Amino acid sequence: MRVYSGSEIRNVAVVGHAHCGKTSLIAAMLHAAKMTPELGRVEDGSAVTAYDEEEVARQTTMANAVAFAEWEGVKMNLVDTPGFHMFAHEARAAMMPVETALVVINARCGVETMTDRVWKYAGEVNLPRIILMNQVDHPKADSRVGRMQMIEDLQQRWGRQVVPVQLPIIDQHGFHGVVDLVTMKAFLYEPDGSGRGEVGKIPDAMAADAKAAHEALVELVAEGKDALMEEFFAVGTIPEEHLITALHEAIREDRIFPVLYASGLRNVGTDHLLDFLKVYAPSPLEREPVAARGLRTAGANGSAGLPAEEIVMRKVDDKEPLAVFVFKTMSDPFAGRISFFKVVSGVLKNDMTIENFTRHEAERFCHLSTMQGRKAVEVAELHAGDIGAAPKLRSTLTGDTLGNKANEVLFEPVPMPDAAMTYAIEPKSRADEDKLAPALHRLMEEDPMVRFYRDPQTNEFLVAGAGQQHIEAIVSKLKRRYHTEVTLKAPKVPYRETIRGRAEAQGRHKKQTGGHGQFGDCKIRMEPLPRGSGIVFENDIFGGAIPRQFVPAVEKGIQESAGRGYLAGYPIVDIKVTVFDGSYHEVDSSEMSFKLAARLAFRKCMEQAKPTLLEPVMRAEIEAPDEFAGALIADLNGRRGRVQGMDSAGAGTVLRAEVPMAEMLSYGSTLTSITQGRGSFRMELDHYDVVPQQVSEKILASAKRPVHDEEE
């Protein structure tokens, strides 16, 4: 394929709620641009950006995918993003390499929770937004769209900057065309799925509405521009060539959010969408310079370089030093690791060797490509602003920055949220055990939200992810892709033990055998501390009752006993232990004797100090549409949760609550059931609290009591 300069490139992230038709829309755009011979379908796995086996099986996008369309001298890089709440981190990561967010709305459902979330993500990085009403051909969408009710809803939610630049043509034949409010022309489509419209006459029934909508658009575009306002008031309109330029600037500056209409399934309006993106979406060269961190105080050749940690602004320009940012990694069973990147500045050529600034290693870019879904189309070079891919980079991962060694900078990666759900994972066989860790590490390279680690308390291997469906997809990929079968179990809750009272006890270890005996004697005092204090040991020995060299052995015995637990084998925390008296034998005393004596004293104190269980309490944040708030609060109350507050988020509600971890292990599936898949949650450890008596009795009944060693 030909090489494109930055001014000939449009980078667009296609974002929106799940099942609004993003993947089908991209398939329709590619077919309209004659990039594919047939109109791809999600249902049969033929859509270009739905190539992952899990996505095809579940018919939902779970990771960002990239495709491109060559359209009238312009290259459109399209990033297909997930719309399910637990993969929102992918949609957020897609905002970095693009200059426009195409916000797709299901015309039948309107704005949904993820629509609001991705809109907010785009606003955080000042990304221009274009709104597309998709699935306008659905019978339940016709009336709302035709009455412009949807536009009123959007304006109430996102402001009067939301304005139609098209009107849908809907009649007895359904949705079969659009009216362009800039050129005041109609584009009519045949039901053949080709995606190519013919210019026609605006229907008489729509003429008055089209004229009024055109005037509203012109007035909004002219606002804030004195020259345009004077022209508007002088002649009552703005010439088409001036309106096109002014609308392009208004979209780039986030002063206008235009609304278009299409049907991805029937391929209606997609060619006009491509035209609109070509003319009105900003090119990479129009983007504000990108912030980066300078890394060195001097260049490699001895010339002055960037001061360490200085924030520098890197302009998107071929003449700037080469800088490449990796925003996605894909593990292909045949091609290996494929790195997706944005050329932020400079020109990247095939077979070029450049430095990975993040990992301080050189990387050679062989088989430089631009991706069409899973298919790689090789190119000779990529200019500033373009998106490309390269296979088999040795150490490069998502979030890395590469470039010329003499001009080292680092672009900040998109922060990943904490994992929301954790499961214990067990291999089914010894062969699976050998393959598990390498396979999971490959998945972690591909998806930064995947976590894999061993719990030091329970010794379980844990896998964590964004939610239940995410973790189930991980397990399925392990089986399909890496032939590794595992079993998921709810993880053990990391309970703790503590005391509520104060106690004193003496521990004496005395044992006589042939030769030297064993003798250690210590008295300790135990008292509770505030939550989070851990274990505090204090030496209060006076007069040499216990020689100084044996005091560390006493402390070690106490620490080991606390680690073993008393009630159910869970670590003991938030206590202060003071050794204040004891005795010793000049011949028989040793470090081992005093360690065993400390264990005995510790156990006796625990018997008297009112031991109790502590459980981890999570700080949870649940977001869902308003109509589900009552059911969610009732469910949280049933989980021993305490609702801390409620906030509005558009048409949704955000609940903040503290809930015991033990009650949240299966919350993901419950939330999906209550909210019909429209809710999301995240949680993190907040504090430990005392377990209620009835719950504590059940936990202790199912737990094995630890063995208290009196001797070694």
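Visitor: What is pLDDT, and what does the chain average?
Guide: pLDDT is the predictor's confidence in each residue, from 0 to 100. This is a predicted model, in which local features need pLDDT of at least 70 and side-chain atom pairs count only at pLDDT 80 or more, while totals for chains, interfaces and linings use all residues. Residues are numbered from 1 along each chain as its sequence is written, and side-chain values use heavy atoms, with hydrogens and water left out. Of the residues, 95% score at least 70, and the chain average is a pLDDT of 88.

Visitor: How many contacts beyond four places in sequence does the model have for residues 705–712?
Guide: Contact means heavy atoms within 4.5 Å. Where pLDDT is low, predicted coordinates should not be read in detail. Over residues 705–712 pLDDT stays under 50, and the number of such contacts is 24.

Visitor: Is Ser561 buried or exposed?
Guide: Ser561 lies in helix α13, residues 551–564; helices are DSSP runs of H or I, at least four residues, and strands are runs of E, at least two, numbered from the N terminus. Buried means under 20% relative accessible area, exposed over 50%, and partly exposed in between, with a 1.4 Å probe and protein chains only. Leaving out residues up to four places away in sequence, Ser561 touches Ile572, Arg599 and Phe602. Because its relative accessible area is 11%, Ser561 is buried.

Visitor: Which residue in β10 is the bridge partner of Phe187?
Guide: Two strands pair if DSSP finds at least two bridges between them. β9, residues 185–188, pairs with β10 in the antiparallel sense over three bridges. In β10, the partner of Phe187 is Val199.
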